[in-house]
Amino acid sequence: MRTFLKGPKMAVIWTVLRVWLGIQWLEAGFHKLTGGFDAGGFLQGALAKAGGEHPAVAGWYATFLEGFAVPNVDIINVLIPWGEVLVGLGLILGAATIPALIAGAFMNLNFLLAGTVSTNPVLYTLAVILLFAGAATYYYGVDRFAVPFLTKRIHTKKDTKTATTTA
């Protein structure tokens, strides 16, 4: 069963899901880049959801938003749209797939913690499933060739460095 889930036949399904997820991220980031994105309103809305009898935002997360995110909204206004675009491109191409999945899941988790449901649970769950699929996620992608190449280069440099220092 394990071989089946990580084999080339299932890799087709993982690739379709990965590319679909990448398109969702790319579209979200592109709309923010071209639409004058400002996270300030979103952050204030999240802080407002931290109060009341049944808060949608946990107190500790509201403290983080108030103490870090709101004062640094200018940085967040750059990081979120560009992060979404880069995650999208990475997933569509299958390049830096695992880091892109981790970054996407991290952004979804933060959006969920800020009290925004929308598509975030679906996108987060899909990212986690693709992370469990491991290398099968990028079997049909740039990483299939890039990861072995880079691994070989790193080991060659490490072996050369070790041989030089021991000689």
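Where does S118 lie? S118 is found in the loop between α6 and α7, where helices are DSSP runs of H or I with at least four residues, numbered from the N terminus. The structure is a predicted model, in which local features need pLDDT of at least 70, side-chain atom pairs count only at pLDDT 80 or more, and totals for chains, interfaces and linings use all residues. Residues are numbered from 1 along each chain as its sequence is written, and side-chain values use heavy atoms, with hydrogens and water left out.

S118 has a positive phi, near 45°, in a residue other than glycine. S118 is also exposed, with a relative accessible area of 61%; here buried means under 20% relative accessible area, exposed over 50%, and partly exposed in between, with a 1.4 Å probe and protein chains only. A96 likewise has a positive phi, of about 55°, although A96 is not a glycine. This residue sits in the loop between α5 and α6 and is partly exposed at 41%.

We turn next to the aromatic rings. In general, a pair of aromatic rings is described by the distance of the centres and the angle of the planes. Five aromatic pairs are present in the structure. Rings of Phe, Tyr and Trp (its six-membered ring) pair if their centres lie within 6.5 Å, with planes under 30 degrees apart counted as stacked, over 60 as edge-to-face and the rest as tilted. The ring centres of W60 and Y61 are 5.6 Å apart and their planes stand at 85°, so this pair is edge-to-face. The rings of F64 and F68 also have centres 5.6 Å apart, but their planes are at 20°, so this pair is stacked. Ring pairs join W60, Y61, F64 and F68 into a cluster. F64 is partly exposed at 35%, and F68 is partly exposed at 45%. Both F64 and F68 belong to helix α4 (residues 59-69), four residues apart, about one turn of the helix.

F64 also takes part in the largest pocket, being among the residues nearest its centre, together with I76, I80, F106 and N110. The lining has 18 residues, and α4 gives the most to it, with five. At least two lining residues come from each of α3, α4, α5 and α6. A pocket is an open set of points on a 1 Å grid over the protein atoms alone, where a 1.4 Å probe fits, with protein on both sides within 12 Å along at least five of seven lines; lining residues have an atom within 4 Å of a point. About 400 Å³ of space lies in this pocket, the volume being the space filled by probe spheres set on the points, which are joined across faces, edges and corners.

The largest nonpolar core has 30 residues, of which L21, W25, L65 and L91 touch the most other members. Such a core is a set of buried Ala, Val, Leu, Ile, Met, Phe, Trp, Tyr and Cys residues joined through side-chain atoms within 4.5 Å. Leaving aside residues up to four places away in sequence, L65 touches L43, A46, L47, V70 and P71, where contact means heavy atoms within 4.5 Å. N108, in helix α6 (residues 97-113), is buried at 1%. Beyond its neighbours within four places in sequence, N108 is in contact with W25, N120, L123 and Y124.
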